[in-house]
Amino acid sequence: MGEFEVHRARLFAFLPSGLRCVAASRPPGPPRLAAARLSGALELYGLRANGFQEKVIPGHQARTPEALCWAAGGRLFGAGLSGEIMEYDLERLRVKYALDGFGGPIWSAVTDPVGTRLAVGCDDGSVKLFQILTDRIQFEKNLDRQKERVLSLAWHSSGTKIAAGSMDLIRVFDVRSGHAVQRILVDRRTRGPRSRRCAVWSVGFLSDGTIVSADSAGKLQFWDSETGTLRQTHPLSSSAVLSLAVSEEEDSIVVGTAEGSVYQFQWLPPKLGSSEHQWVQTKSFRHHTHDVRAVAHTPTALVSAGLDGQLVIRPLMEKVEAKTYEAALRKVTFPHRRLISCARKARLLLFQYPQRLELWRLGTTSATGRDGEVLPLSRPPEHLLQLKAKGPEHIGSSCLSPCGGWIAYSSVSRFCLHQVQLSGEQVAIRRVPKVPKLGRSAHQLLFSADSSRLFVASDEGSVHVLKLLPSGACKYLHTLRPNAATAEAAYLLAVSADGKWLAAAGGDWAITIYSLQSAKPHCTVPAYDCPVSALAIHPATSNLVIAHADQQVFEFSIVDKEYTPWSRRLQQHGLHKDWLERDTPITHIAFSPRQASHILLHDTYMFCVLDKALPLPDDDASLTHLQSLRKGARHAFKICKKYQPLMFVDLLDEKSLVVVERPLADIQAQLPPPVSRKRFGT
């Protein structure tokens, strides 16, 4: 496996923003999940791709969605307390447009069963309907205004009625006339004083006319929408029930509470052999420490999202085959992309936060010791500078040049380049004044190995190439474009050490390899039906190593334009079952300058030295058994789980390794206290 001097750093104070709302996509498209955070960031997860975070739209201070909903054609809408209705451009990764709803803050938004109309619930008590046209939305009508704000909405499957939850009341509206046809009083508390008002935080409208409500009194209730009578009530919590979602077959409901608990209800006979059915609580889970503000019900899984920043995907065991990868519980806490850049020679690390960048210098030691011994520092890590972004937009991408002399970052509409000068203990930074106007977003940034060029991944799969001059200026050279037209943005880049090749992966999962000498596409990697999570070009062989979200690893020869013999053997033999069953994707790939056959890969909970010179392991071999590692196990995979959770791992030189950790306990210590906490015996 090799011996390294490990720089173990916990300098990155990463804190995930709380999740506010989630929405599962509509069939017949690929199953996807959209999640919005309190920072305003939107994340798109591919449920077929092991819950991989495929796309991210950076946050915005003034735009925090309170509701997300999918419309026909795979279009995604959001609305929030700013009073704006937004449509997201999922190809160019930005807000396509934003319109004022003219009803004050918007608390809820839902699309009709067909996906052609949008209803929003406003703070002024109005429910507004919009028609979803080809390239925009158009106001259609207002339903009868009520005195209280509309906190929740749900369409009936016929598209002719809407249930609206507010303070103490549920109203049923006839969409055609716009009038309320039913008024249901829900203030029937089981705990606490009756004088306290009851907020209906979420509603569902079943095809048989049943309305399901979740309220601040801690109850899940079932109502007859025709008569307005209560059919069933389930006290769940001493605090609020905040969210609910109904399955497509309407035989299962998932509910989230302010105590961090998640419950599932199913439409079952109360007794074996009975012909009657009723809603029965069947399962309860507790994977969150804070409010579960949003839930979703997919055909095969229950999804919950909380203010603790965790997205939990729990499969329905009756819907998936047992003891398979699809049956595994997934918790997404850390991003599936890199937020850290490293300048190896200068021993610098750049940390990306939503609205600032931090530059650190690693500590040094002059001591020596035995394997596994912690060495004292002769110079501690040093915080060199903090670079704050201007404006309400959050940073989407950043990069530090290998020499440590350049810092680049971008938001949705801005691209900034700074020159850094380090002279002993003195640090100076200067913004490059006349940066070329690219006209489009910079989704990924990457410097060449000699720090002379900057590559900017942009819309439609294009990559802009900028020349960095010794004088501190920046010059536009040209734009690389793929042969096949695509609307998807490029989001991953890899450049060869000799500066001859550049690989770019796009949102359509296609990988294009460019010749930087001719500034034209050289070839494309054969299509693979899974997102790319990491890629890198070997400095000696110029082979492209690719990691996918399904944990598959490929090696592609750029010169020969085909997969290498080792990659073909790997696919024929198959990867080890323990490798394929990992929860988190590979996010970074590096190569050993001392051993050309060694590939370093890491995810959140392990890093691996993959030795191509050794035979591939069979499923009965151990990948992580410590005794086998000490004896030098004769297979290619050497996995270390000593350091976790991992935000970043890279080789500084042939004998040094930098590891950046972010313990979960440190994250939980920085979270605000929960609004409500479950106590034993209550």
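The paragraphs below lead through a predicted model, moving from its nonpolar cores to some backbone details and then to its cysteines.

In soluble globular proteins, nonpolar side chains tend to be buried together. The largest nonpolar core of this model has 23 residues, and the members that touch the most other members are Trp 579, Ile 586, Ile 589, Leu 610 and Phe 637. Several elements each supply at least two residues of this core, including the helix α1 (565–573) and the strands β46 (532–537), β47 (543–548), β52 (607–611) and β53 (637–640). Phe 637 shows what such a position looks like in detail, for when residues up to four places away in sequence are not counted, Phe 637 touches Leu 575, Trp 579, Cys 608, Val 609, Leu 610, Leu 616, Pro 617 and Leu 623.

Most residues other than glycine have a negative phi, and most peptide bonds are trans. Against that background, the peptide bond from Pro 27 to Pro 28 is cis, with omega near 15°, and Pro 28 sits in the loop between β2 (19–24) and β3 (32–37). Another cis peptide bond runs from Gln 644 to Pro 645, with omega near -10°, and here Pro 645 belongs to the loop between β53 and β54 (646–651).

How many disulfides does the model contain? A disulfide is a covalent bond between the sulfur atoms of two cysteines, and the count here comes to zero. Cys 21 illustrates the reason, because the closest cysteine sulfur, in Cys 69, is 9.6 Å from the sulfur of Cys 21, which is too far for a bond. Cys 399 is in no disulfide either, since the nearest cysteine sulfur, that of Cys 342, is 11 Å away, whereas the cut-off for a disulfide is 2.5 Å. At 7% relative accessibility, Cys 399 also counts as buried.

Definitions and conventions. Residues are numbered from 1 along each chain as its sequence is written. This is a predicted model: local features need pLDDT of at least 70, side-chain atom pairs count only at pLDDT 80 or more; totals for chains, interfaces and linings use all residues. Side-chain values use heavy atoms; hydrogens and water are left out. A nonpolar core is a set of buried Ala, Val, Leu, Ile, Met, Phe, Trp, Tyr and Cys residues joined through side-chain atoms within 4.5 Å. Buried means under 20% relative accessible area, exposed over 50%, partly exposed in between (1.4 Å probe, protein chains only). Helices (H or I, at least four residues) and strands (E, at least two) are DSSP runs, numbered from the N terminus. Contact means heavy atoms within 4.5 Å.
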